[in-house]
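Here's a quick briefing to read with the model open in your viewer.

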Amino acid sequence: MAKKITVPRGTTDILPPEISLWQNIESTARKILDIYNYKEIRTPIFEEVGLFKRSLGQTTEVVNKQLLELASNKEEGFALRPEGTASIVRSYIENSIDRKESLTKFCYIGPMFRGERPQKGRLRQFHQIGAEVIGQDCGSPYIDAEVIALSVNLLKEFGLDNFKLKLNTLGSAQDREKFAAILREQLKPHRSKLSEDSQKRLDQNVFRILDSKDREDQKIIGQLEIGYDHLSTDSREYFGKVKGALDGLGVKYELSPGLVRGLDYYTHTVFEISDTSLGSQDALGAGGRYNSLVKDLGGAQVDAIGFALGIERILLALSDKKTLEQLTLNCYIIALDEVALEKGFELLNQLRAEGISADMSFKLSSMKSLMRSANKSQARYVLILGEEEIKGNVVTLKNFESGQQVQVNLSNIKELAETIKNKRV
Ligand code: AMP
């Protein structure tokens, strides 16, 4: 027997029964993003490897271990995008938006790729809903508050309420350096007890030690004195205003001085939203400011902030809540003889032309078997056409839920459409 080809590890097929959940999330997200005036941008799903190395940082987990590179003969290869920000900043600069606009609000919905070890909630292809605000006018604490509130409101609109928002600031690029030095100083005496990975991180990227899952590392991290001593007066004031604006909006948060985020480009505000019902992979989304990235990638010195939410994690968190209404088919037509089949096909397309979702059984069979198909389609109504109906130019309209059944004249399709749309039966 030929060997079966299966879906690549860490990826999944999203099959038709689940698709309405995805579409619901996506359309809700688009509606909210539109209300906040964020405009969609679509960038390629692969980019030059150098883009990710330069923006996310050479020593970060995502670049070091998880980039899925495409085989290429060229000197500079390509990689599937592991996140959205780098591509958007690349596009922002390439299209000279920094010279045309003082503030741009982008959003995106799409697949991301990371060569991770797959487990529940951790995939190699996953999907994110994200937003970025970039421009010379972006340096306002109200924009931090807007972006955080937007991510929280999206999750609420999806039907989630059991999540926690962790908030921190890394301060300016200089403050970040001071913070790194303080951490190094405190961690050095423990060097030999740190995991091998963390010993390397101590020299290369000390912040990543704070994200270590190693037990011994965590004990040492637990004893660190992490505060806000490294922050300049300006950074402190800025963070105070962000918190004030969030308080004003009624957005609840928990201060988390150890929250540093895994990527190199963050400065000032960083945040993460988690849902404890999710187990070890509990982050629903995260984001923060990246005021140096546009310049680092060759653009003007403009500030920026953004976030990304993981759709698979949102669906996992929603799975026991079932708050999203499943979209259902409105009508399913069954025909009991050849003449009825022809009439049924005509009726099917007349209903669709009226904007009513409809389908039919294209095969003749026993009433019992046709009713089974109608039932399986999960349609709200079954429309029955038999010899008697054809003679009287009517259709029997049956509401599956209530069992109520009426005959409706077929000479006025618009009236039949209204009856279905307004659920009169
Ligand atoms: P990150 O940039 O890693 O903080 O990712 C933002 C969000 O995307 C996370 O909070 C998750 O919800 C989601 N996410 C990141 N990596 C994965 C993955 N490998 N599988 C599923 N979701 C992910």
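Keep in mind that this is a predicted model. By class, the largest cavity is lined by 4 nonpolar, 2 polar and 5 charged residues.

**Cavity**
- The structure holds 1 cavity of 30 Å³ or more, and the volume of the largest cavity is about 60 Å³.
- Its lining includes the charged residues Arg176, Arg208, Asp211, Arg261 and Asp264.
- Leu170, Phe207, Val260 and Leu263 also line the largest cavity, along with Asn205 and Gly262.

**Nonpolar cores**
- The largest nonpolar core has 48 residues, and the members touching the most others are Phe52, Val89, Tyr92 and Ile134.
- Helix α4 (residues 85-94) is the top contributor to this core, giving 5 residues.
- As a general point, nonpolar side chains in soluble globular proteins tend to be buried together.

**Helix α2 and Phe52**
- Helix α2 (residues 49-56) is largely enclosed by the rest of the structure, because 6 of its 8 residues are buried.
- Those buried residues are Val49, Gly50, Leu51, Phe52, Ser55 and Leu56.
- They pack against β2 (46-48), α3 (61-64), β3 (69-70), β4 (78-80), α4 and α11 (293-296).
- Leaving out neighbours within four places in sequence, Phe52 has contacts with Glu47, Gly57, Val63, Leu67, Ala79, Leu80, Arg81, Pro82, Ala86 and Ser87.

**Sheet**
- Trace the open sheet through its 8 strands and you get β1-β5-β6-β11-β10-β9-β7-β8, with mixed pairing.
- At the edges stand β1 (39-40) and β8; each has a single partner strand, so one side of each lacks a neighbour in the sheet.
- Strands β5 (residues 104-113) and β6 (residues 125-135) run antiparallel and are joined by 10 bridges.
- For a spot to check on that pair, Phe106 has Glu132 in β6 as its bridge partner.

**Ser256**
- Look for Ser256 in the loop between β8 (254-255) and β9 (267-275).
- Is Ser256 buried or exposed? Ser256 counts as buried because its relative accessibility is 16%, and the cut-off for buried is under 20%.
- Not counting residues up to four places away in sequence, Ser256 touches Lys166, Leu167, Asn168 and Tyr228.

Methods: Residues numbered from 1 in each chain as written. Predicted model: local features only at pLDDT ≥ 70, side-chain atom pairs only at ≥ 80, totals over all residues. Heavy atoms only, no water. Core = buried A, V, L, I, M, F, W, Y, C linked by side-chain atoms within 4.5 Å. Buried < 20%, exposed > 50% of the residue type's maximum accessible area, 1.4 Å probe, protein only. Helix = DSSP H or I, 4+ residues; strand = E, 2+ residues; numbered from the N terminus. Contact = heavy atoms within 4.5 Å. 1 Å grid on protein atoms, 1.4 Å probe; cavity = no way out; pocket = protein on both sides within 12 Å on 5 of 7 lines; lining within 4 Å. Points joined across faces, edges and corners; volume = space filled by probe spheres on them. Pairing = 2+ DSSP bridges.
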